[in-house]
Amino acid sequence: MTSTDVIAAADCEQVLVVRDRAAGATAVLAVHDTRRGPAHGGIRRARYPDLGAAVADAVALAQAMTWKCALAELPAGGGKTVVLDHDGLDRTAAYRLVGRTVAQLGGRYFTGPDVGTGDDDLRVVAAETPFVATATAADAGPGDLAAATATGVLAALGALAERLGARVADLRVAVQGLGAVGWQLCRLLHGAGAHLVVADVLAVRTAEAATAFGAAVVAPERITATPCDVFAPCALGGVLTPAVCEQLPARGVCGAANNVFTGADAAAVLHRRGVLAVPDFVANAGALILGATWHLQRVRADAARLQRIGATAGLLLDRARTEDVPPAVLALQLARERAAAPPG
Ligand code: NAI
C-alpha cells in the first residue's frame, strides 16, 4: 500500500512529515480524528526501514488512540508522533522539532510519552510547547501517569473479578513485568488482599516484590504457564499468541501492556476457551484519562473518573458473553460508534 492508501484506509485527518534540515532529523505527526475533540497521543522513537513504514506506524497508532479516547469517554481524538531513529540521531534536535510542530498545531494535538521517549526528551518538547504531558509531573501537571494506569487496571480487574464470581481479595494474579505500572498494580492488589505471582527479567524487581508483597516469583518464561485466576501482562506486547492462549492456565486476562494479543485469532482462542479478557486499550486508559483531563480542563482526574474504566470493562465482558463475540472485537465496534457520534 502507498502512504496515501494507508492514510485513506485509516480515514486519517492529517499527516505531517517534518525535518530539521541542519540536524537531519525527521518525524511524522498523525492527527487521526478530532471529531470528539483535540487529538491525543505520545511520541514513539523507533527505527523504520523507510518513511512509508514510519507513516504507516504513526497512522495506525493514532487510529488506536482515537478508539482508546472514545472508549474512555474523553472529549478527545487520536494522534501520534514517530521520531525516525538512526545511528547518530541528534535526539535533542529531533524532540525540539517535534515540540515546534506540536506548537504550530496550536492545541489541535496534545502529546506525551511513548516507547523510546523519556522524561528528558519530554522536557525538550515542553520547552517549545505547552501541549505536552510529562511522564512524572508530580507537583504541577496531570499527576503520576503510571499510577493512574495501575488504578485503571485495578478497576477493570474488579469488574472482571465480579464476572468470575469472586472478589479481588480472592484472586491469584500473575503479573508479568514489574516496571512503572506493574509495580504499582502489585501494590494495589496486595493492598486489596490478592495473592501475587510475579515475573520480570530483572531479578532485583522480583526479589523486591517478594519482600514487599509476599509475591511468589517465577522465571519470565514460565509466567504464562503458571496457574492463576487472572493473568496481568504489564511488560511487552505480543505475549498472547494463539499457542499461548490455547494453554494459558487463567480464567481472565487484564493488564496494561499494549497490543498484548498477536492478532484477532489469539483473542478468539481465549474467547472460545471461556477466558474473559479485558481489552488492553480499555484497561490501560488511566494515563490517557489523566493527561487528557489535565490538558483539556487543567484539573487532575480523580479516582472516580478512573473507576469508570471498570464500568466499561464490565459492559464489554457482559456483552461478549451475551453476544458470543470476543471483548476486543466488541470494544472496537463500540469505539467506532462513539468516535462517529461525538458528545454534544
Ligand atoms: P516499564 O518499562 O516501566 O516496565 C516494563 C517491565 O517489564 C520492566 O520491569 C521490564 O524489566 C519488564 N520486562 C521486560 N520484558 C519482560 C519479560 N519478557 N518478562 C517479564 N518482564 C519483562 O513499562 P511500564 O510503563 O510499566 O508499561 C508496561 C506496559 O504497559 C507497556 O506495554 C506499556 O506500553 C503499557 N502502558 C503503560 C502506560 C503507562 O502509564 N506507563 C500506559 C498505557 C500502557
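**Domain arrangement and helix packing in the predicted model**

The C-alpha centres of domain 1 and domain 2 lie 27 Å apart in this predicted model. According to the domain assignment of the protein chain, domain 1 comprises residues 3-64 + 74-126, and domain 2 covers residues 145-340. At the interface, 11 residues of domain 1 are in contact with 11 residues of domain 2. Between them, the two domains bury about 960 Å², and 66% of this area is on carbon and sulfur atoms.

Side chains of opposite charge can pair when their charged atoms come close. One of the salt bridges joins Asp114 to Arg44, with the closest N and O atoms 2.7 Å apart. Asp114 is located in the loop between β6 (109-110) and α4 (119-126), whereas Arg44 belongs to strand β4 (residues 43-46), so the pair ties together parts that are 70 residues apart in sequence.

A further contact involves two helices, α5 (residues 145-163) and α12 (residues 303-323). Their axes come within 8 Å and cross at roughly 35°, and the crossing of α5 past α12 is right-handed. On the α5 side, the contact is made by Ala148, Thr151, Gly152, Ala155, Ala156, Ala159, Leu160 and Arg163. These residues meet Leu306, Gln307, Ile309, Gly310, Ala313, Gly314, Leu317, Asp318 and Arg321 of α12. Grouped by class, the residues in the contact of α5 with α12 are nine nonpolar, five polar and three charged.

Terms used. Residues numbered from 1 in each chain as written. Predicted model: local features only at pLDDT ≥ 70, side-chain atom pairs only at ≥ 80, totals over all residues. Heavy atoms only, no water. Axes fitted to C-alpha atoms, helices over the stretch in contact; angles between N-to-C directions. Helix = DSSP H or I, 4+ residues; strand = E, 2+ residues; numbered from the N terminus. Left-handed = near helix turned anticlockwise from the far one by under 90°. Contact = heavy atoms within 4.5 Å. Nonpolar A, V, L, I, M, F, W, Y, C, P; charged D, E, K, R; others polar. Domains from an automatic or database assignment. Buried area = accessible area lost by both parts, 1.4 Å probe. Salt bridge = Lys/Arg side-chain N within 4 Å of Asp/Glu carboxyl O.
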